[in-house]
Amino acid sequence: MKKKNRSFFWMTQTSSSYIENMYSKYLSNPNSVHHSWSSVFLEIKKKNENLNLFSKKKKNDIFLDKLLIDDNSEKLIKKNVSIKNKIKKLISSFQKYGHLYSKINPLKNFKKEKEKSLDIKSYCFSNKDLSYKLNTSNFSKKNSTINVNKLYKKLLNNYCGSIGFEYMHVQSKKEKKWLYEKINNCDENFFLNSKKKIELLRTLIKSEILEQFLAKNFPGIKRFSLEGLESLIPILNEIINFSKKNKIFKIILGMAHRGRLNVLVNVFKKPIEELFFEFSNNYYDPNKNGDVKYHIGRDLEILNDSNEKFIFSLKPNPSHLEIINPFIMGVARAEIENIQEQNITNYQEKIIPISIHGDAAISGQGVIQETLNMSQTRAFSVGGTIHIILNNQIGFTTSKNIDLRSTKYSTDVAKMINSPVFHVNADDPEAVVFVTKLACIYRKTFKKDVFIDLVGYRRRGHNEVDDPTVTQPKMYKKIAVHPTVTSIFYKKLEKEKIINIIEKDKILINYTKKMDLCYEKSIKEIVTVIKKNQPNTHHFCLKEKFDLSYEKLKKIALKINKIPNYVSMHHRVKKIYNERIEMALGNIPFDWGGSECLAYAIFLKKGISCRIIGEDTQRGTFFHRHAVIHNQDNQSIYIPLKNICENQGNFRIYDSVLSELSTLAFEYGFSTVKKSSLTVWEAQFGDFINSAQVVIDQFISSSKQKWGYSSNLVIFLPHGYEGQGPEHSSARIERFLQLSAENNMQICVPTTAGQIFHLLLRQIEKNISIPLIIMTPKSLLRNPLSKTHLKDLSNGKFKKIIIENYSSCKKNFKKIVFCTGKVFYDLISYQIKNKIKGIIFCRIEQLYPFPKKEIQNLFKKVNFVKKIIWCQEEPENQGSWQHIQYNFKKIIPNYCNNLIFIGRPRSSVTAVGYIYVHKKQQRKIIESVFNL
């Protein structure tokens with residue numbers, strides 16, 4: 001029987017130090033270790049194997065085998081393998097801890113005691129050890145040699161200089177090896193020729209002088225200065241240079257207010273006189289309500305190296321800081337899909353999204369976590385975003401890390417998606433340019449997010465009215481005497497004999513003169529409205545109306561509901577599709593899910609694309625949609641709406657990440673670009689929209705008036721009181737109605753399958769470029785009274801109001817009841833059950849824009865009624881009551897005294913939690929309508 005070879009797989013990387021120490025003891029005295037280890041070490045010695053070679057080698061460690069060079073013999077390498085281990089440990093220590101000791105903070109003196117593992121003395125290298133030559137193929141583009149001492153200085157320079165490279169948390173071996181090689185060559189890539197250095201200085205001078213000029217001529221006016229972080233401008237310029245070389249189609253930038261004015265002038269070429277106009281008290285645009293100057297966006301048209309145009313687009317942003325990030329991702333995704341539809345390869349590389357954050361905001365705002373979580377998912381990926389942190393080491397008046405966050409860096413959130421972080425000193429513009437190049441190449445190579453932490457300071461207060469010395473006296477004493485980045489960089493160039501004081505002052509004087517002229521011009525001339533770079537609000541134009549003939553609808557309905565035999569459906573799903581076949585044949589009426597999918601099919605057949613997103617959207621929260629069929633045999637999927645005809649529109653439906661805030665902002669951004677398609681965002685329950693209220697307030701309801709942005713986004717919010725408690729009853733319709741004005745959105749509550757069908761068609765056919773908020777049903781999805789026959793889908797249209805019992809109306813009808821949503825079916829069921837007559841019911845299906853004309857016409861025809869009632873399920877202080885009351889006051893006829901409210905009493909919550917109380921309240925509402 002052959003003796004099995006001993007396996008050394010257990011000698012892992014984590015235990016190697018311990019084992020190596022024991023092995024050294026064994027070599028000195030074999031009796032000093034336990035006999036079980038003696039036998040192991042004896043076998044190792046016999047095989048002449050080196051301890052560090054037993055653990056399974058990782059691909060990214062192979063370069064270490066090439067590290068040691070000796071011209072004498074292979075035998076000598078084996079003797080000195082411990083040198084190799086020391087070098088390996090030295091390199092690893094700099095990779096792990098170098099960023100902690102890098103000179104990234106311009107306000108610190110960097111005399112902190114280093115980690116022992118970063119001190120070469122800790123490795124006990126002998127003079128002879130330090131003379132060994134190392135192959136530089138992994139440290140330099142040049143294939144030469146370097147000794148250990150020079151290697152140490154190189155590591156110290158690369159990892160503990162003006163850049164702190166933080167990347168060892170990245171799990172991908174390929175990415176880490178790539179970053180290792182790039183960092184090892186960073187000192188060579190740092191090099192800028194004299195011309196580029198002078199251009200860099202010129203950029204910094206312009207940035208600095210603009211801020212000083214604004215401070216002098218507009219004292220005390222908010223502008224959120226960039227002073228202390230002027231190196232942002234070279235970062236953006238370097239991304240432009242990268243884009244020129246790589247034929248980028250579009251750069252999309254989102255940023256908060258800090259530094260925006262500087263970026264607008266010095267990157268986006270906004271005329272300085274235009275900025276000065278905006279600082280005056282007389283500037284306005286009568287076409288919209290507008291926004292403050294540090295929220296405004298702008299587009300810049302640039303020529304690439306092939307003389308082709310591309311766009312750099314700065315998106316407007318509200319003061320809710322980080323909410324712009326998912327918005328620009330949505331814009332980027334839409335642009336990517338536009339390119340993809342043109343069959344252009346590497347389409348994700350052609351769009352670059354950039355997010356600029358504040359250091360306090362990126363660690364403090366939850367939308368960052370949501371957005372990063374989305375970044376690599378199918379529905380939301382954009383090929384990576386370049387994140388730039390304007391790290392001024394203070395959040396308003398809070399500067400202590402113990403108050404700002406629970407992590408070392410504000411960028412530690414980047415680790416959740418394994419993104420590298422490049423911390424860089426804002427006072428070293430050459431280092432800033434290098435990390436920008438590295439970030440651009442990394443994103444292009446790995447299609448992942450990357451972070452540039454630009455560490456500087458805030459020379460003034462949070463805004464120009466604040467006095468920061470009140471709360472940060474020590475910090476601002478340092479800042480007061482700290483030289484600007486321009487003066488620091490100028491002294492460096494002067495020392496290098498690249499530029500002198502005369503040449504520098506010439507640049508400064510010329511730029512100051514230009515601003516003086518623009519300022520004089522702005523205060524003398526009459527202010528006119530400037531309309532350059534307004535967002536394109538042109539909407540998709542349908543060449544012809546949809547063909548809704550009975551036979552056409554029948555054919556399409558059969559096409560999307562006949563599922564191939566090879567798809568093994570779940571028995572419940574099969575039943576639904578069999579019923580939809582019957583609907584298509586006209587044998588039974590369409591339910592909500594069937595008519596909704598039929599509307600999408602009509603768009604798609606016409607070549608119009610649809611994107612639908614939400615939690616549980618593919619199936620439908622209430623098991624009603626089933627747009628995606630899961631094969632029960634092999635788990636493959638079949639999507640009927642993707643198999644209608646050739647050259648149909650793209651149908652994309654996704655179950656989203658568990659988020660409302662970031663996903664809704666993303667879809668809104670997407671819809672501002674993809675105006676030739678229908679974009680639908682669906683909440684699992686309507687009340688979940690609470691988590692996205694910022695998006696409703698700052699974008700959906702107001703962006704057209706603030707920034708001229710249009711969108712045809714459709715929002716589905718399940719709404720209705722069915723005893724599911726405070727959290728699953730109300731979509732807070734009152735909040736949308738409170739925000740409705742100036743035709744900013746549509747708010748509808750369709751109550752039949754036919755109404756949702758025609759409402760969706762209207763959004764595209766009528767070229768409506770404002771958001772559509774739909775309160776969708778829950779129990780009504782299958783209510784027989786809410787269904788619609790195929791012939792009615794063919795002949796009908798969306799009705800803003802639906803009147804019941806009007807045709808049989810007589811003068812003895814003394815009561816008209818207005819309502820909206822599910823409560824109508826409760827009322828009509830009670831009426832039928834109790835055989836009550838003499839009441840007219842009017843469902844208001846479109847609450848905003850309010851159907852004033854239609855209701856006035858109704859009042860003219862029913863001038864014999866004595867009571868006008870508004871009935872709702874929601875409490876009196878919620879729902880549509882305030883909106884209805886306000887609008888009815890203007891049109892209620894003289895023959896009625898007032899509008900009577902029937903509903904739940906005022907409440908601090910949307911609904912009760914006890915089903916018994918719910919039923920009692922609901923019964924009281926219904927009975928009150930008939931007993932009044």
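In which helix does Lys478 lie? In this predicted model, Lys478 belongs to helix α19, which spans residues 473–481. On the surface, Lys478 gathers with Lys108, Lys408 and Lys474 in a patch of positive charge. Because its relative accessibility is 40%, Lys478 counts as partly exposed, a class that lies between buried, under 20%, and exposed, over 50%.

Since Phe165 sits in strand β4 (residues 163–166) and Phe434 in helix α18 (residues 429–446), the pair ties together parts that are 269 residues apart in sequence. Phe165 counts as buried because its relative accessibility is 0%, and Phe434, with a relative accessible area of 5%, is buried as well.

A further aromatic pair is formed by Phe218 and Phe276, and here the arrangement is tilted, with 5.8 Å from centre to centre and 40 degrees between the planes. This pair, too, links distant parts of the chain, for Phe218 lies in the loop between α10 (194–217) and α11 (232–245), whereas Phe276 lies in helix α13 (residues 272–279), 58 residues apart. Both Phe218 and Phe276 are buried.

Returning to Phe165 and Phe434, we find that these two residues are members of one aromatic cluster, which they form together with Phe94, Tyr152, Tyr159 and Phe422.

Note on methods. Residues are numbered from 1 along each chain as its sequence is written. This is a predicted model: local features need pLDDT of at least 70, side-chain atom pairs count only at pLDDT 80 or more; totals for chains, interfaces and linings use all residues. Side-chain values use heavy atoms; hydrogens and water are left out. Patches are made of residues with over 30% relative accessible area and no salt bridge: like charges are joined within 9 Å, nonpolar side chains (Val, Leu, Ile, Met, Phe, Trp, Tyr) within 5 Å. Accessible areas come from the Shrake-Rupley method with a 1.4 Å probe; for residues, only the protein chains shown count as cover. A salt bridge is a side-chain nitrogen of Lys or Arg within 4 Å of a carboxyl oxygen of Asp or Glu. Lys and Arg count as positive and Asp and Glu as negative; His and the chain ends are not counted. The place of a charge is taken as NZ of Lys, CZ of Arg, CG of Asp or CD of Glu. Helices (H or I, at least four residues) and strands (E, at least two) are DSSP runs, numbered from the N terminus. Buried means under 20% relative accessible area, exposed over 50%, partly exposed in between (1.4 Å probe, protein chains only). Rings of Phe, Tyr and Trp (its six-membered ring) pair if their centres lie within 6.5 Å; planes under 30 degrees apart count as stacked, over 60 as edge-to-face and the rest as tilted.
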